[in-house]
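Let's take a friendly tour of the salt bridges in this protein model. Have the structure open as you read.

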Amino acid sequence: MIQSLAIVILASGFFLFFKANLPQKIFSEEKPKTNNVVIDSLLLEAIEEEKVAVKEEEETPPKVEQEEGAVLVVQEDDLFSNEGEANFKGMLFLDYFFSRLYQVEAENQGRARIAYYGDSMTDGDMIVQDLRKNYQDKYGGAGVGFVQITSESASSRGSVVHKYSNNWKVQSYLNVKNPWKPFGVGGQVFFVKDTVKPTWVSYQAGAIRNMTTLNNPTLYYGKSTNTRGTVEVIQQKDTLRKSLQATTSLNKLKLTAGSTKQLKMQFIHADSIPLYGIDVSSATGVQVDNFSSRGNSGLPLSLFNVGVMQKFQKELDYSLIILHYGTNVLNYGSYNYNWYTKQMNKVVSHLRQCFPKASILVISTADKSTKYNLTMETDSAVTPLMRAQRKYAMESKTGFFNLYEAMGGKGSMVQWVEESPAKANKDYTHFNFRGAQAVSTLIFKQLEEGYAAYKKEKEGAKIKEDSLQKKKVQKEIDTVSNDKME
């Protein structure tokens, strides 16, 4: 009895001692050292530069900062939002997108197209395919849009069946600053690496509503001195060979007439020709293209070649650019994200040159949970990063969607993981398909609210204009009548 009591007392003592000395965070915040995790090189450089800057600031006496002489890119309409920081949405800054949506809905003209740039949150067309479906259900349009030559998430994507040979050379803006040829609109450029074995890619429409055909498939590729390159377009038993005339920085080739369910491309003597991907979107309604890349912080978008992107813009005509990043920016030892705000301001400025007139929407980091004292809680870096993202959205005059708050704020990721049915994975970071659908609904809801406000203001302005016009006409009639009486 005495011995048992002694063991209990000793065990309790050891527990209290170790509990007091355990670290608050069980898991290290250091960047994982594994080849399976991709983090873009510009993010790593920016973090190192920030560390050096902080050290220099600590060692150098404070001085009055001079105003930076950076070029300010101003939109055609120099709009101003009077929203407070806590509730900032910036829907006013999406007027161009809403105007194009209005043309589609009310005037039955043209197309409103969205380029959705993201990280692993949108891998496999997660979130994006549901946003696409929501828009196409309501406003028309069909197809999955632009699909690159290869994709790291091809096997997990349900909106298109995407396969390709294993002998492609890929250069990505995540780890290459100076590519052989400019990056395409998806941040990558592809080359035929093997001239002996067949180099091919195939696409087949998926089964998701509105995405069951490949609409007007068109290949996009860049400039090369190679004049021998051809592509074989294979549809079931039919094969058609077409020449690749790589004469300008962006070229396009219509692969088939009309729409098809599937096609395969095999490239012959096409080495040195930069290839980008195919567009399979309809000419009307709404189109949403997914440009996800794992490990992306958003900073690599600054590597886009402005001239090439403006040619893409002329062809694809984006009216909204969505930036959905944050997962890869968390947990680098500091909660001061001023450096990220500054860098992403530059990215937005650059994108405005690349895609003239297009509106821009920033989506914040989602909630993410980390283990503190054996309990899963919201990571302490989430709120500082969300505020930094909101700050650069406000400073650069873009729309802003606060995903962290929309999904429930503090502790919401734990709830999304542990509720039944679950809406997020056990990594307490990424959504499952159910959660992705919920997130897309939240994004769509805010955009629809912004569009409703735009329509109300537009229709109110039209009524006012019509009233003024009527008064003007009546005044002219009265003037003519008075002249006759005299």
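## A pair along one helix

The side chains of Lys-445 and Glu-449 meet in a salt bridge, with N and O 2.8 Å apart. A salt bridge here is a side-chain nitrogen of Lys or Arg within 4 Å of a carboxyl oxygen of Asp or Glu. Lys-445 and Glu-449 are four residues apart in helix H10, so about one helical turn separates them. Helices are DSSP runs of H or I with at least four residues, numbered from the N terminus. Glu-449 is partly exposed, at 37% relative accessibility; that label covers values between buried (under 20% relative accessible area) and exposed (over 50%), using a 1.4 Å probe and protein chains only.

## How the model is read

This is a predicted model, where local features need pLDDT of at least 70 and side-chain atom pairs count only at pLDDT 80 or more, while totals for chains, interfaces and linings use all residues. Residues are numbered from 1 along each chain as its sequence is written, and side-chain values use heavy atoms, leaving out hydrogens and water.

Which residue forms a salt bridge with Glu-448? The partner is Lys-138, and the closest N and O atoms are 2.5 Å apart. Because Glu-448 lies in helix H10 (residues 433-485) and Lys-138 in helix H4 (residues 128-139), the pair ties together parts 310 residues apart in sequence. Glu-448 is buried, at 13% relative accessible area, whereas Lys-138 is partly exposed at 49%.

## Another pair and the total

Glu-232 forms a salt bridge with Arg-241, with the closest N and O atoms 2.8 Å apart. Glu-232 is buried, with a relative accessible area of 16%. By the salt-bridge rule, the count comes to 16.

Note on methods: Helices (H or I, at least four residues) and strands (E, at least two) are DSSP runs, numbered from the N terminus.
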